[in-house]
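Open the structure in your viewer and keep the sequence beside it. The stops below say what to select next and what is there.

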Amino acid sequence: MIQFFISGRPVPQGRPRTFWHKGLRRFCTINPTESEAWKETVTAKAFPYRPKEPIDFPVRVKLDFYIAKPIGKTEKIWADVRPDLDNLIKAILDGLQNARFFRDDARVVWIEARKQYSQDGRVGVDVTVLAI
């Protein structure tokens, strides 16, 4: 089992944008800057926890996202607002893949994820990787 916390505001994986570049006379694709910066943070924070060899067997990943609680939402636990949970998950898996956690993120066969408001002011994501 590998477990660690990545502090910072979780950012969803944005959609790449494709456009025609007149000067280059071809289509170009760019990824949203904020998404890329978050994935770099995930990669950097995950790097010290990575296994010696990239994982090459089925694993279970558990993700607990902690979002800053808006003013006036004192009793709410679940963050049932944007960003979407599936896009948050994708950004974390991409960051773990970049840190060479997995030989391929297709090795993740079971995902448990929750998105909740932080009760103690801690914003970020708890990551747990378990062998199956």
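With which residue does Arg-114 form a salt bridge? Select Arg-114 and Asp-64: these two form the salt bridge, and their closest N and O atoms are 2.7 Å apart. A salt bridge here is a side-chain nitrogen of Lys or Arg within 4 Å of a carboxyl oxygen of Asp or Glu.

Before moving on, note that this is a predicted model, in which local features need pLDDT of at least 70, side-chain atom pairs count only at pLDDT 80 or more, and totals for chains, interfaces and linings use all residues. Residues are numbered from 1 along each chain as its sequence is written, and side-chain values use heavy atoms, with hydrogens and water left out.

**Stop 1**

Arg-114 lies in strand 5 (residues 108–117) and Asp-64 in strand 4 (residues 59–67), so the pair links distant parts of the chain, 50 residues apart. Helices (H or I, at least four residues) and strands (E, at least two) are DSSP runs, numbered from the N terminus. Asp-64 is buried, with a relative accessible area of 7%, whereas Arg-114 is partly exposed at 36%. Buried means under 20% relative accessible area, exposed over 50%, and partly exposed in between (1.4 Å probe, protein chains only).

**Stop 2: other salt bridges**

The structure holds 11 salt bridges. Select Arg-82 and Asp-84 for another of them, where the closest N and O atoms are 3.7 Å apart. Arg-82 is exposed, with a relative accessible area of 69%, and Asp-84 is partly exposed at 34%.

Next, select Asp-126 and Arg-122, a salt bridge with its closest N and O atoms 3.1 Å apart. Asp-126 counts as buried at 15% relative accessibility, while Arg-122 is partly exposed at 33%.

**Stop 3: around Arg-122**

Keep Arg-122 selected; it sits in the loop between strand 5 and strand 6. Which residues is Arg-122 in contact with, leaving aside its neighbours within four places in sequence? They are Phe-5 and Tyr-66, where contact means heavy atoms within 4.5 Å.

**Stop 4: the nonpolar core**

In soluble globular proteins, nonpolar side chains tend to be buried together. A nonpolar core is a set of buried Ala, Val, Leu, Ile, Met, Phe, Trp, Tyr and Cys residues joined through side-chain atoms within 4.5 Å. Select Ile-92, Leu-96, Phe-101, Phe-102, Val-127 and Val-129: of the 25 residues in the largest core, these touch the most other members. Strand 1 (2–7), helix 1 (33–46), strand 4, helix 2 (85–98) and strand 6 (124–131) each supply at least two residues of this core. Its largest share, 6 residues, comes from helix 2.

Now centre on Phe-102. Not counting residues up to four places away in sequence, Phe-102 touches Pro-54, Ile-55, Val-59, Val-61, Leu-96, Gln-97, Val-108 and Val-129.

**Stop 5: a surface patch**

Finally, select Val-109, Trp-110 and Ile-132, which form a nonpolar patch on the surface with about 330 Å² of accessible area together. Patches are made of residues with over 30% relative accessible area and no salt bridge: like charges are joined within 9 Å, nonpolar side chains (Val, Leu, Ile, Met, Phe, Trp, Tyr) within 5 Å. Accessible areas come from the Shrake-Rupley method with a 1.4 Å probe; for residues, only the protein chains shown count as cover. Val-109 is found in strand 5 and counts as exposed, at 55% relative accessibility.
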